[in-house]
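Please look over the sequence and the structure below before reading on. The text after it goes through the model step by step.

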Amino acid sequence: MIKRPISRRGLIKTAGVVGAGLAAPHLFIRSANAYFNEPKGGTVTLGFNVPQSGPYADEGADELRAYELAVEHLNGGGDGGMLNTFSSKALKGNGILGKKVEFVTGDTQTKSDAARASAKSMIEKDGAIMITGGSSSGVAVAVQSLCQEAGVIFMAGLTHSNDTTGKDKKANGFRHFFNGYMSAAALAPVLKNAYGTDRKAYHLTADYTWGWTQQESIAAATEAMGWETVNNVLTPLAATDFSAYITPVLQSDADVLVLNHYGGNMVNSLTNAVQFGLRDRMVNGKNFEIIVPLYSRLMAKGAGENVKGIFGSTNWHWSLEDEGSVAFVQSFGKKYGFPPSQAAHTCYVQTLLYADAVERGGSFNPCSVVEALEGFEFDGLGNGPTLYRAEDHQCFKDVLVVKGKENPTSEFDLLEIVEVTPAAQVTYPPDHPMFAGGDLGTCNPGA
Amino acid sequence: MLGLNKRDTLLFAIVIAITLLAPIILNPFPVASDLAQFNAGYPDLMQRFVIFGIFAIGFNILFGLTGYLSFGHAAFLGVGSYAGVWMMKLLTMNVVPAIIVSVIFAGLFSLLVGFISLRRSGIYFSILTLAFAQMSFSLAYSVLTPITNGETGLQLSLNDPRILGVSQTADGSIPMTNFFGIAMRDGFELSMGGWLFTFNAGYYLCAAILLIAFYVSIRIFRSPFGVMLKAVKSNQQRMLYTGLNPRPYTLAAFVISGMYAGLAGGLMVAMDPLAGAERMQWTASGEVVLMTILGGTGTLIGPILGSGVIKYFENIFSKINDNILHDWFAFLPDGLEDFVVAIVYPFVGKGWHLTLGIVFMLVVIFLPGGIVEGGQRIAGLFKRKPPEDKNKTAAASAPSAAE
């Protein structure tokens with residue numbers, strides 16, 4: 001080691017340097033654009049950040065397909081899909097503001113760290129002006145706050161936690177997908193009719209923001225109609241075998257099992273539950289029931305026979321008969337040979353909504369996009385009339401309550417729609433306790 | 001100079017030059033060209049190169065010098081990260097206190113883990129550290145959710161009770177991490193012809209710290225303390241018989257490398273204020289082992305090179321998707337194009353682990369001394385040596401832990 005005592009002169013020098021640093025705060029300047037990553041030249045780059053590995057990889061793959069389809073339609077390729085049914089006619093099929101749409105992809109790995117790294121590289125290296133995607137609320141929350149800091153728009157993909165547009169909402173982030181509260185509000189009346197008001201529920205919950213808020217929502221809604229919540233057990237997201245969590249259910253006096261799981265987690269936990277004979281059980285003189293509050297066709301496919309007769313809710317389903325859904329299913333089916341999932345739908349719609357907002361606002365500037373999307377009412381994108389609420393950047397639209405089909409006619413026809421819950425019934429005030437504690441802040445253009 | 005011998009001074013000078021010029025060296029291709037895909041000179045990746053370089057240098061002080069293989073170093077990095085974010089939430093957005101506290105917390109935690117784990121050596125030591133790291137991961141992931149925010153990751157919010165500084169800026173956003181007013185995101189871009197170079201303030205802070213960390217590591221390697229550590233590696237029994245107790249030395253090395261890991265963790269949150277539990281997982285601990293071995297265990301520069309290679313694969317190769325491949329091979333006839341893409345695709349994009357695995361195997365089998373040995377062999381090809389020296393140099397270079 002160097003043995004050199006600190007001299008007085010050295011100390012004064014150091015103090016001087018530090019002082020100069022304090023006195024001149026913004027020594028560096030960023031490039032003099034009006035906003036960050038302003039697209040120059042004839043193209044604009046969007047960043048699609050989806051899980052390509054981990055428990056939500058199936059959803060991620062389907063999201064990517066939808067994004068590619070959306071880009072094709074925006075650039076005027078294919079049959080135009082929902083561009084033809086969308087109530088706003090700003091998009092002409094010549095890219096966005098005349099710029100050809102290009103995209104880069106990244107793998108979130110369903111991990112906050114990895115998702116942020118991948119989003120950062122898309123923003124910094126590839127100059128992405130908008131980041132979208134994700135199939136986990138943990139990731140959505142993390143990437144949303146990154147986009148807020150960096151000054152780009154985040155169009156959330158599949159994220160169902162109340163927090164995304166609740167306590168963790170951000171001005172630069174928007175969510176089309178529905179949330180845990182809406183699932184609970186839509187499911188509760190259906191469950192009441194089917195299973196009565198005297199039930200004891202046991203919850204298995206994925207241990208992160210989505211699981212927590214969905215469990216809270218479902219428990220509150222079912223308790224309001226007389227059910228009792230016996231227990232809530234948190235399970236790690238990375239778990240693949242749920243036998244150890246199912247056994248205690250058998251020993252409790254619960255007669256309903258609520259699986260707050262999604263994707264690969266739900267496929268495994270439901271399969272385990274059925275293997276343990278839960279569905280053939282009689283408890284308290286009632287037939288034991290299983291509920292999966294958030295459902296998707298991909299999960300139903302993964303779980304196979306086991307989903308028959310199980311209730312859940314979903315954002316969208318390909319069997320819907322409205323004009324927008326038919327057009328989307330048709331062009332997706334033509335390109336890939338099978339119908340899209342709800343994850344694909346929400347991602348496709350989000351891309352269109354972003355492009356439309358840029359077109360209407362006349363600029364890629366995030367603040368202009370935010371202004372164009374806030375309070376925007378639209379139709380023709382598969383969910384009926386929809387509102388992008390200005391207070392929390394959440395879409396309000398009808399929610400579907402679905403059930404696993406008893407006699408599926410094809411490998412895609414796995415869910416049947418039990419009820420379409422109108423938007424009014426699932427709407428809540430922006431300061432609802434389950435969503436309180438956050439603040440949008442102001443839009444950040446990054447420059 | 002600076003108490004270094006001539007060779008080390010040269011090495012240090014090279015490292016200084018590379019780190020300072022990295023934004024230029026890493027962006028060799030013009031932005032518009034197809035090869036721009038392989039440019040790595042953007043702030044996030046450059047910061048990662050340097051931060052993981054520091055992590056690997058620290059790991060090498062333990063593994064390279066004493067031979068104790070720890071499989072739990074990611075835990076210290078994670079502890080450092082969480083401490084850093086909490087510092088920013090509670091005290092100030094200036095990164096200096098956050099980094100200092102990260103190092104202190106990681107040091108204390110490594111003292112505890114090291115005190116227990118170092119009662120055993122060899123495989124038992126590795127298993128103990130692995131167990132500690134997995135325990136910390138599980139704690140961070142679920143039990144300690146109020147402190148770590150579990151799977152979602154600990155982040156800043158708009159209503160943090162920051163003592164020095166504001167909870168939110170005048171325009172209602174979270175203040176940026178800064179170094180005495182210089183925001184870590186800030187920097188400037190230099191456009192020259194078709195090339196674009198980004199000089200980022202955060203990167204240069206990390207680079208400066210890397211240089212200090214590297215210098216300290218050279219001094220440790222060359223100090224009497226370093227020689228003691230090498231003695232532990234070569235024969236602990238003999239050391240005991242001569243009346244020296246190796247335990248204080250190994251524990252000191254363990255704590256120092258834990259503090260390096262904490263420093264890396266603190267820098268990570270200084271650049272991007274979010275701490276996720278995944279960075280404590282055993283895969284993250286395994287990664288630093290790979291970095292060190294790939295670069296060259298026990299060498300000074302090896303760990304930095306190894307971390308660079310792995311981070312490059314992780315961030316650049318993983319982003320080559322099938323569309324890009326189709327673009328590249330578009331000149332081939334259709335059938336052949338699909339065939340070539342089908343062959344190459346498993347090795348890039350999602351399959352980058354596969355490529356990395358193959359590279360790692362090749363290095364371990366043919367270059368047990370890592371990339372550094374590869375470099376030495378290439379250098380050896382161009383150097384003319386008197387024939388009688390051959391045996392001597394071969395014997396000296398093989399088991400040496402020094403260079």
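This is a predicted model: local features need pLDDT of at least 70, side-chain atom pairs count only at pLDDT 80 or more; totals for chains, interfaces and linings use all residues.

What follows treats each chain in turn, then the contact between the chains, and then a few single residues.

Chain A has an average pLDDT of 88, and 92% of the residues score at least 70.

Chain A contains 13 helices and 17 strands. Its C-alpha atoms fill a box of roughly 85 × 65 × 40 Å along the principal axes. A compact globule of 447 residues would have a radius of gyration near 22 Å, and the 24 Å of chain A agrees with this. Of these 447 residues, 58% count as buried. The contacts also say something about how the chain comes back to itself. When contacts in chain A between residues at least 6 apart in sequence are taken, 72% of them join residues at least 24 apart.

The domain assignment divides chain A into domain 1, made of residues 43-178 and 318-397, and domain 2, made of residues 181-314. Over C-alpha atoms, the centres of domain 1 and domain 2 of chain A are 29 Å apart. Where the two domains touch, 18 residues come from domain 1 of chain A and 18 residues from domain 2 of chain A. On the domain 1 side of this contact, the elements that give two or more residues are α2 (57-74), α4 (137-150) and α11 (342-361) of chain A.

Two parts of chain A show how strands can pair. In one of them, strand β6 (residues 200-206) of chain A runs parallel to strand β7 (residues 228-235) of chain A, and 7 bridges join the two. Between β6(A) and β7(A) the chain passes through helix α6 (residues 209-224) of chain A, which gives a β-α-β crossover that is right-handed. Within this pair of strands, A:Lys200 has A:Glu228 in β7(A) as its bridge partner.

The other part is an open sheet of 3 strands in chain A, in the order β13-β14-β15, with antiparallel pairing. The edges are β13 (377-378) and β15 (395-396) of chain A; each has a single partner strand, so one side of each is left without a neighbour in the sheet. Between β13(A) and strand β14 (residues 386-388) of chain A there are 2 bridges, in the antiparallel sense. A:Glu377 stands opposite A:Leu387 in β14(A).

Chain B has 17 helices and 6 strands. Its radius of gyration is 23 Å, close to the 22 Å that the globule rule gives for 403 residues, so chain B is as compact as a globular protein of that length. The C-alpha trace of chain B spans about 65 × 60 × 40 Å along its principal axes. Of its 403 residues, 46% count as buried. Among the contacts in chain B with a separation of 6 or more, 73% are between residues 24 or more positions apart.

A:Trp227 sits in the loop between α6 and β7 of chain A. A residue counts as buried if 20 or more other C-beta atoms lie within 10 Å of its own; A:Trp227 has 24 and is therefore buried. Apart from neighbours within four places in sequence, A:Trp227 is in contact with A:Arg199, A:Ala201 and A:Thr222.

In chain B, B:Val85 lies in helix α3 (residues 73-90) of chain B. B:Val85 counts as buried because it has 27 C-beta neighbours inside 10 Å. Not counting residues up to four places away in sequence, B:Val85 touches B:Leu154, B:Val269, B:Pro273 and B:Ala275. B:Val85 and B:Gly266 are 181 residues apart along the chain, yet their C-alpha atoms are separated by 8.1 Å.

Definitions and conventions
Residues are numbered from 1 along each chain as its sequence is written. Chains are lettered from A and ligands numbered from 1 in the order in which they are written. Two strands pair if DSSP finds at least two bridges between them. Helices (H or I, at least four residues) and strands (E, at least two) are DSSP runs, numbered from the N terminus. A crossover is right-handed if, with the strands pointing away from the viewer, the path from the first strand over the helix to the second runs clockwise. pLDDT is the predictor's confidence in each residue, from 0 to 100. The radius of gyration is taken over C-alpha atoms; the globule rule is 2.2 Å times the number of residues to the power 0.38. A residue is buried if 20 or more other C-beta atoms lie within 10 Å of its own, exposed if 12 or fewer, and partly exposed in between; C-beta atoms are placed from the backbone. Two residues are in contact if their C-beta atoms, placed from the backbone, lie within 7 Å. Domain bounds come from an automatic or database domain assignment.
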